Amino acid sequence: MPISTASDPRLRCVLPFEAVSEEVGLLRRAAAQQLARWGMRVTGEEAEVIVTELATNVIKHVGEGVSATLVLEWRGDRLRLELHDRCPALPSLRSVDFYDECGRGLHLVAGLAADWGAVHTAAGKMVWCDVLVCDGVGSRRIARAAEALERYRGAGTAVGGSGPSPRAGLAESAVQLIADLLHWTAARGYDPDDILDRSQMRYEAELDAA
C-alpha cells in the first residue's frame, strides 16, 4: 500500500487502493501510520473504524476489485477523511433494526464523525467525514508544530524502509529541531538553558490552563 502525498504533504495524504478485502486492512494500517506521524492517537482510533467502514462499503455497494482513493487531510481542529470512487450513486442513512445485517456501517460512521456527507464528482462520488482532533488553541499549536516538523524532516534525510517508524522518525526530528534552535539562540547571545526553562514553564502553564 504505497503512500503518496499531494502538493502539501504536511497536511494531506492520498492513499489509492483496490476494493478487495485484503486491501482494507492494509489501507487501515496505512491511514494509522499517517495519523501517527501527525500525532493523532485518539483521533486515529475513530478514523480507523471509519476508514474500514467506508472501504468495506465500496466493496459491498460499488464492486469488488474497483479502484478507489482515500484522502486524509488535517484541517485545524478536524481531520477530513474522503473516500473517492467511480460510482455516482450517493449513500443514505436508512432505518435498521437489531436483526438487519446490512446498513449499520453508515450509522456507525455517522455516530463517530462530527459531520459527514456525500457529493458527486466528475469521476463518480466522494463520501467525506470530519473527525474532531481537539479544540481551540491547543489544536492550532499542535498543527503548527506538525507543519514545522514535517517541513524540517523533509529538508533532511527521510525515514523509511526498514528504519525507524514514521512516528519515531518524527520524534527524532523534534529532538534535532530543538537542538538546532538552542544552537541558534546561543549563537545570538542568549542562554540556551534559560530558553529551555522558559519554554518548559510556558508549556506547563498552558497545560494547567487547558
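Helices here are DSSP runs of H or I with at least four residues, strands are DSSP runs of E with at least two, and both are numbered from the N terminus.

Q: How many helices and how many strands are there in the protein?
A: The model is a predicted one, and its elements, read from the N terminus on, run β-α-α-β-β-α-β-β-α-α-α. Counted by type, the protein holds six helices and five strands.

Q: Where in the chain do Trp38 and Trp74 lie, and how many residues apart are they?
A: Trp38 sits in the loop between helix H1 (21–37) and helix H2 (41–61), whereas Trp74 belongs to strand E2 (residues 67–75). The pair thus links distant parts of the chain, with a separation of 36 residues.

Q: Is Trp38 buried or exposed?
A: Buried means under 20% relative accessible area. Trp38 has a relative accessibility of 3%, so Trp38 counts as buried.

Q: Is Trp74 buried or exposed?
A: The cut-off of 20% applies here too. Because its relative accessibility is 4%, Trp74 counts as buried.

Q: What percentage of the 210 residues in the protein do buried residues make up?
A: The protein exposes about 12,400 Å², of which carbon and sulfur atoms supply 54%. Of its 210 residues, the buried share is 32%.

Key
Residues are numbered from 1 along each chain as its sequence is written. This is a predicted model: local features need pLDDT of at least 70, side-chain atom pairs count only at pLDDT 80 or more; totals for chains, interfaces and linings use all residues. Side-chain values use heavy atoms; hydrogens and water are left out. Buried means under 20% relative accessible area, exposed over 50%, partly exposed in between (1.4 Å probe, protein chains only). Accessible areas come from the Shrake-Rupley method with a 1.4 Å probe; for residues, only the protein chains shown count as cover.
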